[in-house]
Amino acid sequence: MNNRQARMFAIAGTGLSVLIFLGLTLHSHSKFDELTNAENITPQVTHGKDVWHKYNCINCHTLFGEGAYYAPDLTKITQHRGAAYLQAYMRDPSKFYDENKHRRLMPKQNLSEEEITDLIAFLDWVSKVDNQGWPPRPILVTGGFIPGSDSVGAVASGEGTAAAAIRPVTAADDPRAQGEHVFRTATPACNACHSTAPGANMAGPTLAGIATRAAELVGSALYKGNATDVEGYIRESIIAPSNHLVAGDMYSANGASFMPIGYEETLTAEQLDNLVAYLATFK
Amino acid sequence: MQYKSQSVAYWYFAVAMTLFGLQLVFGLLSAAKYLGPDPLLYILPFDVTKVIHTNLLIVWVLTGFMGATYWMVPDESRTELHSTKLAYVQLVLWTLMGVTAVIGYLFRYGTGNKLLEQPLPHKIVIVICMLIFLYNISMTIKKSGRFTTTEGVLLLGLFSSAVLFLPALLHYENYTVSIFYRWWTIHLWVEGVWMMIMAAFMAYLLIRLSGADREVMEKWLYVIVGLVFIAGILGTAHHYYWVGVPSYWLPIGGFFSALEPAALVAMSIYAYGAIRRAGLGHPNKLALHWTIGSALFTLFGAGLLGLAHTWPSVNKWTHGTLITAMHGHAAFYGAYVMIVLAMITYAAPSLTRNRPESGSSLGYWAFWMQITGMFGMTLSFATAGIGQVYLERIMGMGYLDAQLKIQVHFLMLIATASIFTIGVALFIYDFFRYAPRFISDDEPQLNVVDARSNA
């Protein structure tokens, strides 16, 4: 190869790459709106994006996995935490996390209520962008699926409920085994916020010992709900979480639980029965 | 120093070295925050120290590029610079831009767009500085009428850097689209046109230091540039994983970024071949250390460590973890920091008075401590990142809990970063301890100058 041929190689190679790259860029533009649900970019979402930039969020957190690596990824955060929780969190993060325990704490940002609401709208838009199902498994903020990490589900990935990582069940299985399956595959998944390990409180309280606690609670003066037995208490907690509130600023505010509602619609009656049966096993 | 106007390079290098030192202060602060709790939580939170750390890097490396260009172009074109006054005006404007941007970041005055945090007025000043710079260099070459291939590659790299900065000035309503174009600037800089700049400096240094045949070196320079762009342009796709763009970017990113090391392997062979066939024993062995070191560290940091997590099915798990920090630190250091330090080390004996041409033992300590420190930092990020991937992404442990489990690697990070910082401090001290040679100085020129002008 002589000097001229080497030059031709550089120019032709670069030229061809640029052409392909520009062609694909043009094509991508015809897909952006559909992939990102551009019709849902409301003024609120746009303002939320400005809030995201204004407070330099990306230099601690990641979004779509891009940013700094000092704080959790927020791509799917609105699918793991309800709006009420996120609102209370952003008003004062120190009510939720202890810097001495986790060695890190998000500084209070003094956001206005409007900024918080719009930021959540923006993050919710982000969580619905079609990004090839990333992350493949939910990235949790705290707690974890351990024990039970062998059956972590691909809940947030959009890969469906039949992901290989989840132990399959059939109608012939014990109702409690089917209930465990619901625990990991419901939308939003119960295990995104609740662990079954004693003392491992995540966004929601641990469910270890829930049956014992429920038995003591139901019928006592402290109980505010309508259930009369353990199963009834668990069922009520799933479909009407605000009927009786577990104490703690990180679980509720203004008399409303942060737990998402709507399981009564999204789960079948049989799934609900199985889930209750499963949770009632935690004595 | 054959041409008096080359002395402007000294002041560019002096600014670059000062900002380099400052960059490390903020780097160490950021690293310390990984151990926590953070006593500066409400004074200098992580997002502020981190944004200053990365922005100072970009500013000082570009300052180094500019200084090195002002040094190299007179040598290559065998003429004085078009205007030293313009070069100084540009430096003052550029430094003011950099310093005010950093002060602004302390008060959260920035765009909050990763690596492009500079507020719009600052971005406009960057463009103005770039234009002054390109004008000055182009006029110099035009005046001389001598335009070498090495110079051509350098100039094309600098010109493209300016053009690729333009998408960063625009505003995008859709966050995904803004990510798409952010990488046109960032990726096509660091894995495209900056590589061109680096390759041109490397060719210049190898020709001067090893006496390698210009014909041969410039032929291979073309091949390297071709390989960089064939892999690098479509390799942009590895930044389009998981951000809401069409799926075909996944295989394209995997394939072309797997090709990216090819150019870096070629560059290492090229550098090694040049010293093997060296017909000239240039006395500045320290500059040769930095030059060869840059080629090899780039192959390691940018090539191998990039390849380690670029395949989509791997990246699916490692994306957005400390694995990226591992690759980022080693790649940037090898490719851009080391080549600037090589140019400084090559030019320093001429730019300053009474500095031994062969380099001092302090200079060698600086070299080896930096290499050792950065290698250790890379391993610390790697082990922390691997731990994070397994605990957080695969086992499903919460982010905060997983970070607690990998604390020991952050201790390693701080220990090795301290070694690195000492190496950098020695380099900076070694740079400043000899007074600059002013244009008015009428000293006899060093003998090596003759060897250089033959090349």
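A:E34 is exposed, with a relative accessible area of 60%, where exposed stands for over 50%, buried for under 20% and partly exposed for anything in between (1.4 Å probe, protein chains only). This glutamate belongs to helix α1 of chain A, residues 3-35; helices are DSSP runs of H or I with at least four residues, strands are runs of E with at least two, and both are numbered from the N terminus. Together with A:D33, A:E39 and A:D130, A:E34 forms a negative surface patch, a term for residues with over 30% relative accessible area and no salt bridge, in which like charges are joined within 9 Å.

## Basis of the model

This is a predicted model, in which local features need pLDDT of at least 70 and side-chain atom pairs count only at pLDDT 80 or more, whereas totals for chains, interfaces and linings use all residues. Residues are numbered from 1 along each chain as its sequence is written, chains are lettered from A and ligands numbered from 1 in the order in which they are written, and side-chain values use heavy atoms, with hydrogens and water left out.

## Chain A as a whole

Chain A contains eleven helices and four strands, and its C-alpha atoms fill a box of roughly 90 × 50 × 40 Å along the principal axes. Of its 283 residues, 54% are buried. Among contacts (heavy atoms within 4.5 Å) with a separation of 6 or more, 53% in chain A come from residues 24 or more positions apart.

A:R91 of helix α4 and A:E113 of helix α6, 22 residues apart, link distant parts of the chain through a salt bridge whose closest N and O atoms are 2.9 Å apart; the term requires a side-chain nitrogen of Lys or Arg within 4 Å of a carboxyl oxygen of Asp or Glu. Both partners are partly exposed, A:E113 at 41% relative accessible area and A:R91 at 36%.

A further salt bridge joins the side chains of A:D124 and A:K128 at 2.8 Å, N to O. Here A:D124 is partly exposed at 27% relative accessible area, and A:K128 is partly exposed at 48%.

The whole structure holds 16 salt bridges over all chains. One of them, in chain B, pairs B:E76 with B:R214, their closest N and O atoms being 2.9 Å apart. Because B:E76 lies in helix α2 (residues 46-77) and B:R214 in helix α7 (residues 214-235) of chain B, the pair ties together parts that are 138 residues apart in sequence.

B:L91, in helix α3 (residues 84-106) of chain B, is buried at 7% relative accessibility. Leaving aside neighbours within four places in sequence, B:L91 is in contact with B:W11, B:Y12, B:V15 and B:T63; B:W11 is 80 residues away in sequence, yet its C-alpha lies 8.2 Å from that of B:L91.

B:N315, in helix α10 (residues 312-318) of chain B, is likewise buried, with a relative accessible area of 7%. Not counting residues up to four places away in sequence, B:N315 touches B:Y241, B:W242 and B:H309.

Methods:
Patch = residues over 30% accessible without salt bridge, like charges linked within 9 Å, V, L, I, M, F, W, Y side chains within 5 Å. Areas by Shrake-Rupley, 256 points an atom, 1.4 Å probe, with all protein chains shown as cover. Lys, Arg positive; Asp, Glu negative; His and termini not counted. Charge placed at Lys NZ, Arg CZ, Asp CG, Glu CD.
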